[in-house]
Amino acid sequence: MRATNLALVLRCVREQGPCSRADIAAATGLNKTTVSSLVSELLRRRLLRETGTTGNRVGRPAIMLTLDGASCAAIGIEVNADYLTAVVVDLAGRPVLSWRRAFPGGTVSPARAVTAVTALIRRVVTRIEHDGRQVLGLGVALPGLVDPDGRARLVPALNWRDVDFAAELVDALRGPGFPVEIGNDANYAVLAEHRFGEHAGTRDLVYLTGGTSLGAGLFVDGALRRGHSGYSGEAGHIPVPAPGGSAHLASVASVPAIVRRVLPSQTRDDEHLSLAEVELRIDEVVSRARAGDTATLARLDEAAHDLAAGVLTLVSLLDPTRVVLGGYYAELAPWLLPVVNGVLDTRAVPVEEPIAVASSLGLDAPALGAAARVLDAVEEGRFPDGTPSATRDLAVAARAPR
């Protein structure tokens with residue numbers, strides 16, 4: 001119960017801070033004596049700090065509280081076919097560092113991938129601890145199907161099938177002393193949008209990945225929805241109308257499919273574009289579209305209608321407040337969003353604002369969301385070793401986000 005109440009106070013301060021002890025009592029329903037005790041504990045653990053007093057109220061000036069961003073940090077890592085990304089944020093969600101390293105993920109073995117990821121994590125931890133911060137936990141995003149226990153069932157971008165990544169990573173880290181979670185990149189990205197994006201706090205969000213694959217992170221009724229086996233959000237398999245029948249959404253409206261449509265090539269390698277190749281071609285597509293190239297604009301319009309058909313299915317089933325187009329979709333947003341929202345406007349259900357929007361978080365969203373998951377866990381009462389909690393056995397746990 002105490003751990004739950006500590007988490008409740010932390011969450012209250014994040015959402016409403018700077019705030020006083022009296023403000024916390026009023027917002028949480030806890031009595032003032034309990035709040036005072038909880039705040040004292042959180043101050044001692046350097047999770048909160050006092051910021052001075054305010055006199056803008058009746059009675060004595062109140063001592064204000066805010067999250068202590070200098071004391072601890074959460075780590076998020078993304079493993080992709082072309083790169084590794086490391087993002088660190090403090091308890092208040094402010095950025096501490098952001099690193100990206102080239103990584104031939106599609107051509108190395110899982111064992112070598114674990115070695116590379118472990119080396120990056122150790123460098124990050126060394127940097128954090130050198131700055132006097134405690135590591136709250138680590139989240140690692142993979143671009144594929146991940147079991148609740150952190151086993152990578154199918155990760156096409158890395159050519160992995162049934163790799164016990166969580167166990168191997170924790171073993172390589174030799175008992176890191178902080179929680180480790182492994183999850184799907186789209187799931188983590190939607191958590192990043194919910195905490196840090198332009199529509200933060202929205203209870204119903206869908207995030208579409210805009211990299212070499214097409215997946216969806218589903219945040220429904222205030223919670224991440226992973227499905228029975230953890231495999232929800234396979235939006236690339238949504239059927240959409242196509243000449244002569246139907247096609248899967250990924251084959252016609254993923255980012256690689258769009259650049260292939262706009263910039264057709266006769267080479268076989270064109271069927272499997274790397275993220276670096278996608279990035280180069282996106283730049284060319286955007287350049288042509290801005291110049292008003294007729295063929296480019298026509299093909300982007302076709303791709304936008306195909307994407308809209310898939311988004312319409314998601315919106316019809318889930319009724320989200322926003323559908324966020326992430327990754328390189330954001331680069332193409334000026335030409336995709338008008339069509340997608342136009343199709344969505346044909347529904348019988350009226351909306352006051354456009355449903356489909358572009359992400360502002362860039363390619364770091366999965367890693368940022370992995371770090372956000374660590375912060376969420378703390379606010380759920382799962383404190384790292386050394387802070388009061390009945391769940392310290394998570395200190396060397398490896399699990400996917402729930």
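1. Helices (H or I, at least four residues) and strands (E, at least two) are DSSP runs, numbered from the N terminus. Strand β8 covers residues 152-155 and contains Ala152. Residue numbers start from 1 along each chain as its sequence is written, and side-chain values use heavy atoms, with hydrogens and water left out. The model is predicted: local features need pLDDT of at least 70, side-chain atom pairs count only at pLDDT 80 or more, and totals for chains, interfaces and linings use all residues.

2. Ala152 has a relative accessible area of 0% and is buried. Here buried means under 20% relative accessible area, exposed over 50%, and partly exposed in between (1.4 Å probe, protein chains only). Ala152 and Arg100 are 52 residues apart along the chain, and their C-alpha atoms are separated by 22 Å.

3. Arg100 also takes part in a contact between a charge and a ring. Its charged end sits over the ring of Tyr83, 4.2 Å from the ring centre. The criterion is that NZ of Lys or CZ of Arg is within 6 Å of the ring centre and within 35 degrees of the ring normal. Arg123 lies over the face of Trp99, with 5.1 Å to the ring centre.

4. On aromatic contacts, rings of Phe, Tyr and Trp (its six-membered ring) pair if their centres lie within 6.5 Å; planes under 30 degrees apart count as stacked, over 60 as edge-to-face and the rest as tilted. The count by this rule is one aromatic pair. The partners are Trp160 and Phe165, in a tilted arrangement with 5.4 Å centre to centre and 35° between the planes. Trp160 is buried at a relative accessible area of 3%, and Phe165 is buried at 0%.

5. The next points concern the backbone. Most residues other than glycine have a negative phi, and most peptide bonds are trans. The peptide bond joining Gly17 and Pro18 is cis, with omega about 0°. Pro18 is placed in the loop between α1 (2-16) and α2 (21-28).

6. Arg46 is not a glycine, yet its phi is positive, near 60°. This residue lies in the loop between α3 (32-44) and β1 (48-54). Arg46 is partly exposed, at a relative accessible area of 42%.

7. Arg174, also not a glycine, has a positive phi of about 60°. Its loop runs between α5 (165-173) and β10 (180-184). With 72% relative accessibility, Arg174 counts as exposed.

8. On helix packing, two packed helices are described by the angle between their axes and the distance between the axes. Axes are lines fitted to C-alpha atoms, for helices over the stretch in contact, and angles run from 0 to 180 degrees between N-to-C directions. Angles under 35 degrees count as roughly parallel, over 145 as roughly antiparallel, 65 to 115 as roughly perpendicular and the rest as oblique. A crossing is left-handed if the near helix is turned anticlockwise from the far one by less than a right angle, and right-handed if clockwise.

9. The axes of α2 and α3 are 9 Å apart, at an angle of about 120°. The two helices are therefore oblique to each other, and α2 passes α3 in a right-handed crossing.

10. Helix α9 (residues 275-290) and helix α10 (residues 294-318) have axes that come within 8 Å and cross at roughly 115°. This makes α9 roughly perpendicular to α10. The crossing of α9 past α10 is left-handed.

11. α10 itself has 25 residues and reaches 36 Å from its first C-alpha to its last, close to the 36 Å expected at 1.5 Å a residue. The expected span is 1.5 Å times one less than the number of residues. Buried residues in α10 include Thr296, Leu300, Asp306, Gly310 and Val315. Just after α10, Asp319 takes a positive phi of about 50°.

12. Helix α12 (residues 365-379) has 15 residues and spans 20 Å from first C-alpha to last, close to the expected 21 Å. α12 is mostly covered, with 15 of its 15 residues buried.
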